[in-house]
Amino acid sequence: MRLTVYLAGEIHSSWRGELKKKALALRLPIDFVGPMEDHERSDHIGEEILGKQPNAVAKDLTASSFNNLRTGVLLNKADLVIALFGEQYKQWNTAMDASAAIASGKPVIIIRPEKLHHPLKELSRKASATVETVDQALKALSYIFE
């Protein structure tokens, strides 16, 4: 059995690469997908597809339409979602992806440091599991295959 795992969360650190590398070393049968990690491409995709927009708001709206399309397809294809909430970046997209996955009945593992317990308590209660580190999330993935 192979799983497709959607990795929701900020795109500025190397957490995805770390998780993928460790899963590969464990020979876990997992295909990883996630949001567009090229921030510039994500911000400009609306204009790449529809052409120059009249202002910044229109540019953001067109980009978000295509980013939401991509995310929706990949989330729907995923068997499981891992949503990382870090301390450094605002986490609106992570919360949106985790909430959409939970609402659609997808199993969700939330990774968040203990200090974010309070602001994420309701979301954590809806998730399948909440952990504090990438390594703990990897152990949870490994357990599925035992």
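Predicted model: local features only at pLDDT ≥ 70, side-chain atom pairs only at ≥ 80, totals over all residues.

Residues are numbered from 1 along each chain as its sequence is written, and side-chain values use heavy atoms, with hydrogens and water left out.

**The overall count**
- A salt bridge here is a side-chain nitrogen of Lys or Arg within 4 Å of a carboxyl oxygen of Asp or Glu.
- By that rule, the model has 5 salt bridges.

**A link between distant parts of the chain**
- Asp31 pairs with Arg2 in a salt bridge, and their closest N and O atoms lie 2.8 Å apart.
- This pair joins distant parts of the chain, 29 residues apart: Asp31 sits in strand E2 (residues 30-33), and Arg2 in the segment before strand E1 (3-9).
- Strands (E) are DSSP runs of at least two residues, numbered from the N terminus.
- Asp31 has 35% relative accessibility and counts as partly exposed; that term lies between buried (under 20% relative accessible area) and exposed (over 50%), using a 1.4 Å probe and protein chains only.

**Two further pairs**
- Arg41 and Glu48 meet through their side chains in a salt bridge of 2.9 Å, N to O.
- Arg41 is partly exposed at 37%, and Glu48 is partly exposed at 46%.
- Glu122 and Lys121 form a salt bridge of 3.5 Å, N to O.
- Lys121 is partly exposed, with a relative accessible area of 30%.

**A network**
- Salt bridges link Glu18, Lys22 and Asp135 in a network.

Conventions
Helix = DSSP H or I, 4+ residues; strand = E, 2+ residues; numbered from the N terminus.
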